[in-house]
Amino acid sequence: MHNPFSIYWNPAGLVDVGFTLQLHGMMVNRQASFDRDAELNNVPPELEGINSGVGKAGAMGVVPGLALQSGHDLGSWTIGLGFAAFVDRAGRTNWTKNFAAPTQYPGAVDGPQRWSVINTELTLLSLGVGVAVEHVESALSFGATVFGTQTSLSLLRARTVNSTDEVSLEGHLAEGRVLFRDGEDEGFTLVLGMQWQPADMVKLGLAWQSAVNYRIKGDALILFGEAEEAREPAETDLEVPQGIRGELSLNLSPLITIRPALSWNQWSIAKSQVATGTRTGEILFRTPREFVDTYEFKLNTDFQVTDQHALHVLLGVENGATPRDTYEPGLAESTNGRFGGGWTCAWSETLKTHVAFVWQAFANVTVTESKQAPTTNGRYTDHRQFLTVDMEVSL
């Protein structure tokens with residue numbers, strides 16, 4: 001609960017006396033698939049080769065971060081200050097191509113998932129400052145952090161005027177494109193936290209993070225069928241929910257510590273995602289979301305193998321945010337479990353490193369009553385791996 005990145009998870013943990021710098025790097029790898037079932041989506045036999053079948057997505061990226069913390073002993077009180085710069089959320093999705101698609105349908109090469117998304121790029125870059133105070137006698141501390149976040153979003157999806165998967169209409173090409181490009185917005189997030197250590201072996205922590213709604217403005221390049229491409233200033237919402245995180249640290253012995261944690265995120269605020277032209281007010285696309293709140297339980301167990309080395313084991317489970325009828329490729333999450341392990345090495349009194357690997361597996365989902373237009377009935381899979389490397393320097 002006490003390290004420089006407490007500024008994000010629970011700023012009450014910034015009160016350790018001294019100065020600590022933490023460098024963080026995380027590599028993320030994802031494998032997902034969508035099998036658009038011809039029968040479930042009422043695809044006629046002559047179009048099965050371009051409007052049904054399996055699409056796969058794979059992405060690997062590196063997420064960097066930096067945080068520092070400075071704690072000062074004032075006698076009856078301890079005050080802590082913190083600063084962090086990191087990528088809060090990021091993603092890039094590129095789906096496999098269907099090079100066997102008939103050449104008279106130029107968009108079909110993008111695969112059966114193209115009616116939802118072809119490519120997506122999203123980055124949320126955050127800078128934050130935090131402060132915390134601790135009443136030494138009661139071992140009770142409180143903290144607050146304010147983050148400023150720069151958001152950028154680009155996405156490409158196939159569309160028709162009537163939101164169907166018809167590739168031709170009365171002998172003419174019907175399929176088109178909506179490219180939302182270089183969308184940007186800024187927002188602010190508040191995190192409030194508290195910690196209490198009633199005994200040497202027990203520590204409790206609780207933190208709340210505010211919601212933020214980004215109104216992302218960019219350019220839309222719109223092409224329907226054989227018409228001329230049009231350019232339109234456009235905007236879309238990106239909603240990030242409020243959340244509450246709680247953690248208990250319990251020292252079972254000098255060698256074993258367990259840290260159960262529970263978090264809640266109010267994803268139910270996301271009812272739909274709409275992109276509109278800012279000049280005309282025309283709806284470019286509307287995607288039903290109807291997300292539900294998520295609850296995640298994690299159990300971290302720390303084994304102090306030697307004075308310099310510690311082993312960590314993680315188990316976790318979280319319900320999915322996405323109802324089956326609003327599933328779509330690229331932005332849907334089912335109930336998932338995660339497990340992993342890590343190793344911490346204290347090289348000296350001032351230098352410590354931590355390496356961890358986590359595997360996150362999502363439940364396979366079959367959708368039969370899609371509300372999307374065009375429908376996205378079919379079978380979905382998703383697996384992700386996380387490799388993190390951290391270095392702490394304490395003075």
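Reply: What follows goes through the fold, the nonpolar cores and the salt bridges. The model is predicted.

Me: How many helices and strands?

Reply: The protein chain has 2 helices and 21 strands.

Me: And what does the C-alpha trace span along its principal axes?

Reply: The C-alpha trace spans about 80 × 40 × 30 Å.

Me: What share of the residues is buried?

Reply: Of the 395 residues in the protein chain, 45% are buried. The chain exposes about 19200 Å², and carbon and sulfur atoms supply 61% of that area.

Me: Switching to the core. Which residues in the largest nonpolar core touch the most other members?

Reply: Phe180, Tyr214, Ile216, Leu284 and Phe285, in a core of 16 residues. At least two core residues come from each of β5 (140–159), β8 (176–199), β10 (212–223), β11 (230–240) and β15 (283–288).

Me: Which strand gives the most to this core?

Reply: β10, with 5 residues.

Me: What does Phe285 touch, leaving out residues up to four places away in sequence?

Reply: Leu155, Arg157, Arg159, Val178, Gln273, Val274 and Ala275. There is also a second, separate core of 11 residues, which includes Ile7, Tyr8, Leu14 and Phe147.

Me: OK, charges. How many salt bridges does the count come to?

Reply: The count comes to 21 salt bridges. One of them joins the side chains of Glu247 and Arg259, at 3.2 Å from N to O. Glu247 sits in strand β12 (residues 243–251) and Arg259 in strand β13 (residues 256–265), 12 residues apart.

Me: What about Glu328, which residue does it form a salt bridge with?

Reply: Arg289, with the closest N and O atoms 2.9 Å apart. Glu328 is in the loop between β17 (309–318) and β18 (336–346), and Arg289 is in the loop between β15 and β16 (294–304), so this pair ties together parts 39 residues apart in sequence.

Me: Are Glu328 and Arg289 buried or exposed?

Reply: Both Glu328 and Arg289 are buried.

Me: And Asp325, where does its partner lie?

Reply: Asp325 forms a salt bridge with Lys371, the closest N and O atoms being 3.4 Å apart. Lys371 lies in the loop between β20 (365–367) and β21 (378–394), while Asp325 is in the loop between β17 and β18, so parts 46 residues apart in sequence are tied together. Asp325 is partly exposed, with a relative accessible area of 22%, and Lys371 is partly exposed at 43%.

Me: Last one. Which residues are linked in a network of salt bridges?

Reply: Lys97, Asp110, Arg114, Glu175 and Arg177.

Methods. Residues are numbered from 1 along each chain as its sequence is written. This is a predicted model: local features need pLDDT of at least 70, side-chain atom pairs count only at pLDDT 80 or more; totals for chains, interfaces and linings use all residues. Side-chain values use heavy atoms; hydrogens and water are left out. Helices (H or I, at least four residues) and strands (E, at least two) are DSSP runs, numbered from the N terminus. Buried means under 20% relative accessible area, exposed over 50%, partly exposed in between (1.4 Å probe, protein chains only). Accessible areas come from the Shrake-Rupley method with a 1.4 Å probe; for residues, only the protein chains shown count as cover. A nonpolar core is a set of buried Ala, Val, Leu, Ile, Met, Phe, Trp, Tyr and Cys residues joined through side-chain atoms within 4.5 Å. Contact means heavy atoms within 4.5 Å. A salt bridge is a side-chain nitrogen of Lys or Arg within 4 Å of a carboxyl oxygen of Asp or Glu.
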